[in-house]
Amino acid sequence: MNELKIAVQKSGRLNESSKKLLEECGLKFSNGTGVLKSTATNFPVEILFLRDDDIPQYVEQGVADAGIVGENIVAEKKRDIRIVEKLGFAKCHLSLAIPKEDEYHGLEYFNGKKIATSYPEILSDYLRKNNIIAEIEEISGSVEIAPGIGLADAVCDIVSSGSTLMTNGLKEVVTILKSQAVLVASKNLPQKKVEILERLLFRIRAVKNAGEHKYILLNAPESAVPKIAEILPGMKSPTILPLVEKGWVSLHSVVREDDFWERINMLREAGAEGILVIPIEKMIK
Ligand code: PRT
Ligand code: ZN
């Protein structure tokens, strides 16, 4: 039993992205529906498919060595586990929302109110810290309909695009917690498993870095190179190759996805032409 056991969500919002990440890390495993566990054929990992709510507990108890779960669940379950790496997907936030016609001037709004949520621990900690006395109505799903059916005055729920709140006549007034999927692990792993986790983490970081960057190729007159090199810092500095046409070069570099469009505009203004942008599969810094 020397494989590292990793728990991922069986079905739901994290399932596909978690499997895709492990596949992009080069792991080969069967993942048909109904499968409860699967051993990778080319890496010492066994994948357990579980409900996301159970993952922190199983990792704490050692049933799984590691897991992929939302930070919201980690915060709510308060288990003694460690967050190893943020994974950059399933981004959302946990917010307080109230009927959209209500005026809101601050947290005192919630004094004496009833708030429906699936996150009673996070919510009660938050209310206590802010000296608000409110009643918490714990419900496991469809929290947003609670005010509409008279079950509560407000909600504390996960928001992503905000359209569910809007459809239910609610408006978001406070963000309590920002969340994304994270890799969690047991605090008591034997050395052998720590080593496997480190190897996997190295691959996860390479995949994550790649997703956050693009490879860029462009042509430019030689005279524009200093200006373009400033716009394109790349991993070290851009690669420059001569073109057949005299006085022209081709530049290759890497740019961050998040400021990509801004840099493209700057490059065009600096004289760049024939810009090609290519996805990167793995990126090792
Ligand atoms: O069956 P299991 O217990 O495993 O799954 P689940 O139903 O509890 O969880 P699931 O699959 O819905 O979500 C898994 C995780 O995805 C959550 O714990 C979050 O970390 C993350 N995540 C990201 C979200 C959302 N985005 C999200 N939009 N979880 C839930 N929602 C729901 C939210 O509860 C609300 O009903 O989507 C609605 C809001 O979405 P918008 O886009 O309308 O704002
Ligand atoms: Zn769940």
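## Ile-73 and its neighbours

Let's start with Ile-73, which you'll find in helix H3 of this predicted model. Setting aside residues within four places in sequence, Ile-73 is in contact with Asp-52, Asp-53, Pro-56 and Tyr-119. Ile-73 has a relative accessibility of 5%, so it counts as buried.

There's also a link across the sequence to look at here. Ile-73 and Ile-122 sit 49 residues apart along the chain, and their C-alpha atoms are separated by 9.6 Å.

## Three domains

Next, step back to the whole chain. It is divided into domain 1 (4–89 + 180–210), domain 2 (92–179) and domain 3 (213–279). Notice that domain 1 is written as two stretches, 4–89 and 180–210. The centres of domain 2 and domain 3, taken over C-alpha atoms, are 47 Å apart.

## The largest nonpolar core

Which residues touch the most other members of the largest nonpolar core? In this core of 30 residues, they are Leu-96, Phe-110, Ile-115 and Ile-176. Quite a few elements supply at least two residues each: strands E3 (45–50), E6 (92–99), E9 (154–159), E10 (170–179) and E11 (181–185), along with helices H2 (55–61), H3 (71–77) and H4 (120–129). H4 gives the largest share, with 4 residues. The core also draws at least three residues from each of domain 1 and domain 2.

Not counting residues up to four places away in sequence, its contacts include Leu-107, Phe-110, Ile-115, Leu-123, Val-155, Cys-156 and Ile-176. Among the others on its list are Tyr-126, Lys-171 and Glu-172.

Take Leu-197 as the example: it lies in helix H6 (residues 191–211) and, at 2% relative accessibility, counts as buried. Beyond four places in sequence, Leu-197 touches Leu-4, Ala-66, Arg-82, Val-84, Leu-183, Ala-185 and Leu-189.

## Asn-15 in helix H1

Asn-15 is found in helix H1 (residues 15–24). At 7% relative accessibility, Asn-15 is another buried residue. Leaving out residues up to four places away, Asn-15 touches Gln-9, Lys-10 and Phe-49. Over to Ala-220, the gap is 205 residues in sequence and 44 Å in space, C-alpha to C-alpha.

How many disulfides does a search of the whole structure find? The count is 0. Cys-92 shows why: the closest cysteine sulfur to its own is in Cys-156, 12 Å away, which is too far for a bond. A disulfide would need the two sulfur atoms within 2.5 Å.

Both of these cysteines are buried, Cys-92 with a relative accessible area of 16% and Cys-156 at 0%. Cys-156 is also one of the residues that Leu-96 touches.

## Two positive phi values

Finally, have a look at a couple of loop residues. Ala-90 has a phi near 55°, a positive value in a residue that isn't glycine. Ala-90 is in the loop between strand E5 (82–86) and E6, and it is partly exposed, with a relative accessible area of 31%.

Ser-142 has a positive phi too, near 45°, and is likewise a residue other than glycine. Its place is the loop between strand E8 (135–138) and E9.

Terms used. Residues numbered from 1 in each chain as written. Chains lettered and ligands numbered in written order. Predicted model: local features only at pLDDT ≥ 70, side-chain atom pairs only at ≥ 80, totals over all residues. Heavy atoms only, no water. Core = buried A, V, L, I, M, F, W, Y, C linked by side-chain atoms within 4.5 Å. Buried < 20%, exposed > 50% of the residue type's maximum accessible area, 1.4 Å probe, protein only. Domains from an automatic or database assignment. Contact = heavy atoms within 4.5 Å.
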